[in-house]
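Morning, everyone. I have one model to take you through, and I'll keep it brief. Have a look at it first.

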Amino acid sequence: MQLFVFICAAAMILGGAVGVILRSHPVHAALSLILTLFGVAVLFVAQNAHFLAAVQVIVYAGAIVVLFLFVIMLLGVDKADSLRIDPVKVQRPLAAVVGVGLMGLIGAAIVQGRSTLAQRGTGIDTASGGAGRDSNIRQLATDLFSNHVFAFEITSVLLVIAVVGTVLLARRPRSSGASDGESVIRQNSGAK
Amino acid sequence: MGQYLPVVCLMILAILFGVVSFVASRLLAPRRPSAAKQAPYECGIVPGRELPERFPVSFYIVAMLFVMFDIEIIFIYPYAVSRQELGSFGFWEMIAFTAVFFAAFVYVVARGALDWGPVHKYRRLDSAVSAERTLSSTIRRVGTEGRLDEKAA
Amino acid sequence: MIVAAGTFTAPSIDWFALAPLLVLLVGGLVLLVTASFTPQWPKHLYAYATVALGLAAMVVAFVQWHAITRDGPKLLVGNAVSYDHFSMFGIITICIGLSLSAMVTDDFLRREGMEGPEIYGLYLMAAVGGIVMVMSNDLIVLFLGLETLSISLYVLAASNRRRAESQEAGIKYFVLGGFSSAFFLYGIALIYGGTGSTNFNRILTAFDSVPLQRKDSLVLVGVALLLVGLGFKVSAAPFHFWAPDVYQGSPTPVTAFMASVGKAAAFAALFRVFVVALPNWKDDWRPVVWVLAILTLLVGSISAVVQTNVKRMLAYSSISHAGFILIGLEAAGHSGASTRSGMPSSMMYLMIYSVLVIGTFAVVAVVGRTGDGATDLGSFRGLSRQKPWLATALTVFLLAQAGVPLTSGFIAKFGVIEAAVDEHSYALATIAMVSAVIGAFLYLRILISVWLADAEVGDEKREAMHIPISTGAAILLCVGFTIYVGVNPEWLIQASDRVVLVAVPVVGG
């Protein structure tokens, strides 16, 4: 059963990932990404990390991909960019070599270090953590508010910056003065 | 993992439904396309111009806010579940977290990033009210050509 | 490490120790919110507020410096943040960079018609991110600080919406920066897999708990990926391709901020990770750093020579300076020897370089004139006739960057090379000196344009250069610091000698 679930999830992840890079239409690529993220959520479930699986679906498959689709819509949905342009000829083969090399390196490291993973991994305590159905979330909350409380607070700063940056870059130019009016005109003519 | 069986069943059903609908409509529906059928639906009116290709960029700000509050809720959830254990420490940490968020939200609203009205709402009147602008410079007289003295105009 | 449910103990939070961070964070939020309610603040007020916040944080950091000298370092907030001399030195460097950059930015924004509180808000938030990186004692905290800093810098780079170059710089920096963050994150994941924790102290002790841990391949790959991620942020040689384009395209004060605060924070993080958390793997990472340092030095100084745009030249020279600081890291990574000379000399280098680079870019911002475009070498010709004092200031900065004695740059370069020689890295020291000589050619080339060449044809038709008060004050402060430290470096050397990084023992488990 475990193995079957893993194989299904792995097939979803890999199929989605390959889809993301091979589909030339951006919307299809974004939908393939959802498949990948769902596969990861299934893997979380297989590890008894139910809360993480839910977060994965809500935040990634929900919010983040919606954001991607927004961006695709903003940039024009009908444009399938041609990837044939290649200013430096060697860079694609070189990228392939480096990519395969990195993958091989990480693969070798994981194969060699899998005993360490088993020793070091503590993960979520599913046996003794016991306290009802929420034990998963309770452990997470305890950890979040003790060891990682600083990281938790800094996350809010990070999100504030994301919002401020979005507003700074995406807000329509103010029309309070002659020079701003000029940029409005330029934007309109650019859109046509 | 057994508890996820309904989810799997639902997913399979959903996929089946999609596939069956597509195949059925392919097989059963008659195909007689005409120009009127293929045109985009505009309440019966013949479309006058091409649809705009892009969404306005303001949508992006809304999407970003959505993601932000989504993440905030994810963080609130564990706190809500083990609120009693975490006690006042957890409460004040949560308050600090949401206060920073709230500052960002106030900033977005006050900066006018969520205003959807026409742009000229904020136009200042400096250029409209000035000594150079007089009646003769702003109002165009129609049909007076050749009848008035050119120098006066 | 996940603790079992039901055993929650709230970590104690030492608010005073976090004060520099909180001053900037709360100040930044208040600035953003109040500024968005009041559409038009009086002239200069945003910049003055930012400078005041930077100075306040710096004063607090000085107080804390003495407190640490008295009471010793400690760990804060669940061992995620360390409170030691290294943190304070880094915070002071960042605050200096923040305040000086804000002074340069003030009139620049008005000249370019991009006034608004966001730029200053992002400066403050970026400084917060930098301080988090400097103080971090946990890889997750470090990553969050890194992202806070980087995302602010991406937005700042693209903040001039009237210039296509600025937008281009923003998008290039964003795409490549996101890519490198992914490397960094993957490295964290592998190190967590190999050691079972992201906390620096636990990573350190994980080495001792299992024999043959040094051969642990997961950690080694993790270390390599961390080096790639941070190497990008500090623009070390094979990962430096973003730097020239981004430095050239960004608004000039933002470039100054990026080269000072961004670089200082990234290097501090590099030291934190490699010297505090991963000293047990130092025989593995040191040769890599050696290669990176040499590549960075040579690529930086040789590529700089063939450029024609001054901002681009300075970008390459910034890469070459990164090479010098990497020498300090290499020296700090020697086995058996104490890390005494490598760390302090590098941190001192960062502080000195931050001041130098802001001064240099302040001059470039003035010469760039409205539109921020006149930064090619030709625009600098005849500067000495038009603005002799500005030319003199630029001369001081460039000579200091070249490492001429009696300027702060000499002290900085001497410090790292001395550290390398102390550790018997003679090859590295030799290459550093050779690249310093090559680099000197670049600075002389700018100086010849400034002092000996006539102004370009048609230069008189361009708008006259105008030195605003705050930018002038910033340049003056930078010149003062450069010369004062050059003539009288003892106090800075003594202060930086306290910056010896050792893992702070865990207090209370």
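Where in chain C does pLDDT stay under 50, and how many contacts beyond four places in sequence does the model have there? The stretch is residues 1-5 of chain C, and the model has 22 such contacts for it. Keep in mind that this is a predicted model. Where pLDDT is low, the predicted coordinates should not be read in detail.

Now the rest of the confidence picture. Overall, the model scores ipTM 0.84 and pTM 0.86. Chain C has a mean pLDDT of 85. In that chain, 93% of residues reach 70 or more. Which elements of chain C sit at the two ends of the mean pLDDT scale? Helix H7, residues 200-209 of chain C, is lowest, at 77. Helix H5, residues 139-157 of chain C, is highest, at 93.

Let's stay with H5(C). Its partner here is helix H6, residues 164-195 of chain C. The two axes come within 8 Å and cross at roughly 170°. An angle over 145 degrees counts as roughly antiparallel, so H5(C) is roughly antiparallel to H6(C). Who makes the contact? From H5(C), the residues include C:Leu139, C:Phe143, C:Leu146 and C:Glu147. From H6(C), they include C:Tyr173, C:Phe174, C:Gly177, C:Phe184 and C:Ile188. By class, the contact of H5(C) with H6(C) has 13 nonpolar residues, 5 polar and 1 charged.

Next pair, also in chain C. Helix H4, residues 117-135, packs with helix H10, residues 252-277. Their axes are 8 Å apart, at an angle of about 20°. Parallel or antiparallel? The angle is under 35 degrees, so H4(C) is roughly parallel to H10(C). The crossing of H4(C) and H10(C) is left-handed.

On the H4(C) side, the contact is made by C:Tyr123, C:Ala126, C:Ala127, C:Gly130, C:Met133 and C:Val134. On the H10(C) side, it is C:Phe257, C:Val261, C:Ala264, C:Ala265, C:Ala268 and C:Ala269. How does that contact divide by class? There are 11 nonpolar residues, 1 polar and no charged ones.

Last, chain B. Its secondary structure is 5 helices and 0 strands. Along the sequence, the pattern reads α-α-α-α-α. What share of the 153 residues in chain B is buried? The figure is 15%.

That's my tour. Over to you.

Methods
Residues numbered from 1 in each chain as written. Chains lettered and ligands numbered in written order. Predicted model: local features only at pLDDT ≥ 70, side-chain atom pairs only at ≥ 80, totals over all residues. Helix = DSSP H or I, 4+ residues; strand = E, 2+ residues; numbered from the N terminus. Buried ≥ 20, exposed ≤ 12 C-beta atoms within 10 Å, placed from the backbone. Axes fitted to C-alpha atoms, helices over the stretch in contact; angles between N-to-C directions. Parallel < 35°, antiparallel > 145°, perpendicular 65-115°, else oblique. Left-handed = near helix turned anticlockwise from the far one by under 90°. Contact = placed C-beta atoms within 7 Å. Nonpolar A, V, L, I, M, F, W, Y, C, P; charged D, E, K, R; others polar. pLDDT = per-residue confidence, 0-100.
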